[in-house]
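User: Got a model open and want a quick tour before I set anything up. Can you walk me through it?

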Amino acid sequence: MKTYIFDLYGTLIDIHTELQNDKIWKTLSDMYACYGAIYTPEEFKQAYLKFDQEEWERVEAIHPGTYVDIQFKNVFQRLYDEAPRREGDRLAIRDFDTWLLFVETEFRRLTRVRCKPYKNTVRALQMLKEEGNQVILLSNAQRSFVIVEMGICGLTPYFDDMYISADYGMRKPEKAFMQKLLDDNALNASNCVMIGNEVASDMQVAASCGIPGVLLNTAHRKEKEIQKELKEIEREYPEFQYQIILSGDILEIAGK
């Protein structure tokens, strides 16, 4: 049995999100208004961008020199706590954590333009599991986003475990993030492989832990550009072994 460690977005799922649609901020400001937090759509957008940046700065100041991640719910809580108020009737929030989760998932739904598995993603995962391999997710993301979008794409049944950056407050290429996965599952790095689409994130974290890497070129970049980035990693980790799948087709992992 071999352990396949997968990145998610850009590797297994083709996703695109955007913040420029005015309907996003209108819907969210209307939602908050129901609970007495009053913003215009533009005020909500600007407050969101400000609080998001400040949350990153706050966490980075606590853990300097670390690739950190934040909990989006902290941003949405601050949007509620610091909102202009209106007296009068408003809906009561009986369970604030559940409400924040609802806001977080609604935000993602509104900003999600495209979410679909790449061609052969499901087929490749099926093959790996049928061969008796272990499949684990290592993703830079929020748990609420991952759970919903893996469900949309039909990927959840193929994973034995999931490691999501926001849960641990650190993201790839932080070595400790990958090491946590290895330690929890008592894995030997030489019996694992990391599959991802980003050199600076996926290949870097694999190299730092002595795990072979497979780069899926789903963005169809030029090989010369990819090789240049990988050479930087090789200088730091001369023993790093990797494969580039230029076509981006995940089935090539198993030579299919």
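This is a predicted model: local features need pLDDT of at least 70, side-chain atom pairs count only at pLDDT 80 or more; totals for chains, interfaces and linings use all residues.

User: Start with glutamate 174, then. Leaving aside its neighbours within four places in sequence, which residues is it in contact with?

Analyst: Glutamate 174 is in contact with Gly65, Thr66, Tyr67 and Val205, once neighbours within four places in sequence are set aside. Glutamate 174 itself sits in the loop between helix H7 (165–168) and helix H8 (175–184).

User: Is glutamate 174 buried or exposed, and where is the nearest side chain of opposite charge?

Analyst: Buried, with no salt bridge. The nearest side chain of opposite charge belongs to arginine 171, and that is 7.6 Å away. A salt bridge needs the side-chain nitrogen within 4 Å of a carboxyl oxygen.

User: What else is in the loop between H7 and H8?

Analyst: Glycine 169 is in that loop. Glycine 169 counts as partly exposed because its relative accessibility is 23%. Apart from neighbours within four places in sequence, glycine 169 is in contact with Tyr67, Val68 and Asp69. Tyr67 is also on the contact list of glutamate 174.

User: How far is glycine 169 from threonine 66?

Analyst: C-alpha to C-alpha, 9.7 Å in space. In sequence the two are 103 residues apart.

User: Zoom out. How many helices and strands does the chain have?

Analyst: Ten helices and eight strands. The C-alpha trace spans about 65 × 40 × 35 Å along its principal axes. The chain has 256 residues, and 47% of them count as buried.

User: And what share of the contacts joins residues at least 24 apart?

Analyst: 73%, among contacts between residues at least 6 apart in sequence.

User: Which residues lie nearest the centre of the largest pocket?

Analyst: Tyr9, Arg108, Asn140, Ala141 and Phe145, out of 25 lining residues.

User: How does the lining of the largest pocket divide into nonpolar, polar and charged?

Analyst: Nine nonpolar, nine polar and seven charged.

User: How many cavities of 30 Å³ or more are there?

Analyst: One. The largest cavity holds about 40 Å³ of space. Its lining is Ala124, Met127, Leu128, Ile250, Leu251, Ile253 and Ala254. Those divide into seven nonpolar, no polar and no charged residues.

User: Switching to charges. How many salt bridges are counted?

Analyst: 18. One of them pairs arginine 143 with aspartate 167, the closest N and O atoms being 2.7 Å apart. Arginine 143 lies in helix H6 and aspartate 167 in helix H7, so this pair ties together parts that are 24 residues apart in sequence. Arginine 143 is partly exposed, at 34% relative accessibility. Aspartate 167 is also partly exposed, at 35%.

User: Which salt bridge does arginine 58 form?

Analyst: Arginine 58 pairs with glutamate 55, with closest N and O atoms 2.8 Å apart. The two are three residues apart in helix H2, so about one helical turn separates them. Glutamate 55 counts as buried because its relative accessibility is 9%. Arginine 58 is partly exposed, at 41%.

User: What about glutamate 234 and lysine 231? Which helix do they lie in?

Analyst: Both lie in helix H10 (residues 223–236), three residues apart, about one turn of the helix. Salt bridges that share partners also join Lys50, Glu54, Arg78 and Glu82 into one network.

User: Last one, serine 144. Where is it found?

Analyst: In helix H6 (residues 143–153). Serine 144 counts as buried because its relative accessibility is 10%, and the cut-off for buried is under 20%. Setting aside neighbours within four places in sequence, serine 144 is in contact with Leu101, Glu104 and Thr105.

How values were computed:
Residues are numbered from 1 along each chain as its sequence is written. Side-chain values use heavy atoms; hydrogens and water are left out. On a 1 Å grid over the protein atoms alone, a cavity is a set of points where a 1.4 Å probe fits but cannot get out, and a pocket is an open set with protein on both sides within 12 Å along at least five of seven lines; lining residues have an atom within 4 Å of a point. Grid points are joined across faces, edges and corners, and a volume is the space filled by probe spheres set on the points. Ala, Val, Leu, Ile, Met, Phe, Trp, Tyr, Cys and Pro count as nonpolar, Asp, Glu, Lys and Arg as charged, and the others, Gly among them, as polar. Helices (H or I, at least four residues) and strands (E, at least two) are DSSP runs, numbered from the N terminus. Buried means under 20% relative accessible area, exposed over 50%, partly exposed in between (1.4 Å probe, protein chains only). Lys and Arg count as positive and Asp and Glu as negative; His and the chain ends are not counted. Contact means heavy atoms within 4.5 Å.
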